[in-house]
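Work through the exercises below with the sequence and the model beside you, and try each task before reading its solution.

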Amino acid sequence: VQALTVAAVAGPILAVIAPAGDLFESWLKRKAGVKDSSRLIPGHGGFFDRFDGVLPVAIVIGVVVSLM
């Protein structure tokens with residue numbers, strides 16, 4: 001039951017954090033005046049555009065787990 005409660009609380013929070021990471025990375029690219037964050041995947045926003053939602057979620061999960 002406790003795991004279900006944690007998932008019910010964490011799910012919506014992480015669902016907001018992931019797109020926020022995407023928006024933040026897009027904002028950084030606009031400030032820098034670049035279209036792609038790298039040349040690895042040209043035309044698709046670059047390498048970090050594939051993972052910009054995962055990175056902040058992983059950081060939040062790591063912080064929460066380390067505090068438990």
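The model is a predicted one, in which local features need pLDDT of at least 70 and side-chain atom pairs count only at pLDDT 80 or more, while totals for chains, interfaces and linings use all residues. Residues are numbered from 1 along each chain as its sequence is written, and side-chain values use heavy atoms, with hydrogens and water left out.

**Exercise 1. Describe the secondary structure of the protein and the confidence of its parts.**

Step 1: Helices (H or I, at least four residues) and strands (E, at least two) are DSSP runs, numbered from the N terminus. Counted in this way, the protein has three helices and zero strands, and its pattern along the sequence reads α-α-α.

Step 2: The confidence is given as pLDDT, the predictor's score for each residue from 0 to 100. The protein averages 82, and 84% of the residues score at least 70. Confidence is lowest in helix H2 (residues 47–51), with a mean of 73, and highest in H3, at 88.

**Exercise 2. Determine whether Gly-21 is buried or exposed, and which residues it touches.**

Step 1: Gly-21 is found in helix H1. Buried means under 20% relative accessible area, exposed over 50%, and partly exposed in between (1.4 Å probe, protein chains only). Gly-21 has a relative accessible area of 10%, so it counts as buried. Across the protein, 15% of the 68 residues are buried.

Step 2: A contact means heavy atoms within 4.5 Å. Leaving aside residues up to four places away in sequence, Gly-21 touches Asp-52 and Pro-56. The C-alpha atoms of Gly-21 and Phe-51 are separated by 9.0 Å, although these residues lie 30 apart along the chain.

**Exercise 3. Classify Ala-20 and Ile-13 by their accessibility.**

Step 1: Ala-20 lies in helix H1, and its relative accessibility is 40%, so it counts as partly exposed.

Step 2: The C-alpha atoms of Ile-13 and Val-60, 47 residues apart along the chain, are separated by 9.9 Å.

**Exercise 4. State which elements line the largest pocket and how its residues divide by type.**

Step 1: On a 1 Å grid over the protein atoms alone, a pocket is an open set of points where a 1.4 Å probe fits, with protein on both sides within 12 Å along at least five of seven lines, and lining residues have an atom within 4 Å of a point.

Step 2: The lining residues include Ile-13 and Val-60, together with Leu-14 and Met-68 among others. Helix H1 (2–32) and helix H3 (54–67) are the elements that give two or more residues to this lining, and H1 gives the most, with five residues.

Step 3: The lining divides into ten nonpolar, no polar and no charged residues, where Ala, Val, Leu, Ile, Met, Phe, Trp, Tyr, Cys and Pro count as nonpolar, Asp, Glu, Lys and Arg as charged, and the others, Gly among them, as polar.
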